[in-house]
Amino acid sequence: MRPELEATAERVFVALADPSRRSVLAALAAHGPATATDLADRLPITRQAIAKHLALLADAGLVIAEPGERRRVRYRLDSAPMQVAQQFLAALARDWDGSLDALRRHLDG
């Protein structure tokens with residue numbers, strides 16, 4: 001995998017490592033674009049913590065900040081980085097599958 005794609009996958013994995021960030025993503029997936037205040041109303045997380053999580057999720061490319069009315073920023077999901085991470089895992093699985101098949105053939109032979 002190209003280094004820039006591997007870096008994207010790494011940022012996604014770091015972002016997904018935190019259960020609060022996964023909750024934020026799940027809320028956006030279930031209810032659509034939302035502000036940090038909207039998310040704080042739905043989740044047992046303070047608005048300040050949500051803002052920090054959203055900043056990290058935005059850095060990973062998993063959410064996009066869109067200016068809204070009255071200077072309120074709405075966040076929406078972007079699945080492109082997640083797809084890169086899935087491709088990384090699929091390539092890793094193929095490598096493992098090949099190694100395990102070779103080991104199985106060696107042991108069976």
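## Phe13 in helix α1

Phe13 lies in helix α1; here helices (H or I, at least four residues) and strands (E, at least two) are DSSP runs, numbered from the N terminus. The model is predicted: local features need pLDDT of at least 70, side-chain atom pairs count only at pLDDT 80 or more, and totals for chains, interfaces and linings use all residues. Residues are numbered from 1 along each chain as its sequence is written, and side-chain values use heavy atoms, with hydrogens and water left out.

Phe13 is partly exposed, its relative accessible area being 31%. Buried means under 20% relative accessible area, exposed over 50%, and partly exposed in between (1.4 Å probe, protein chains only). When neighbours within four places in sequence are set aside, Phe13 contacts Ala85, Phe88 and Leu89, contact meaning heavy atoms within 4.5 Å. From C-alpha to C-alpha, Phe13 is 23 Å from Gln48, and the two are 35 residues apart in sequence.

## Helix α4 and its two sides

Helix α4 comprises 13 residues, 47–59. Its first and last C-alpha atoms are 18 Å apart, close to the expected 18 Å, which is 1.5 Å times one less than the number of residues.

Ile50, His53, Leu54 and Leu57 are buried in α4. These residues are on the same side of α4 because they cover an arc of only 105 degrees around the axis, taken from the directions from the helix axis to the C-beta atoms. Gln48, Lys52 and Asp59 are exposed on the other side of α4.

Just after α4, Gly61 has a positive phi of about 85 degrees.
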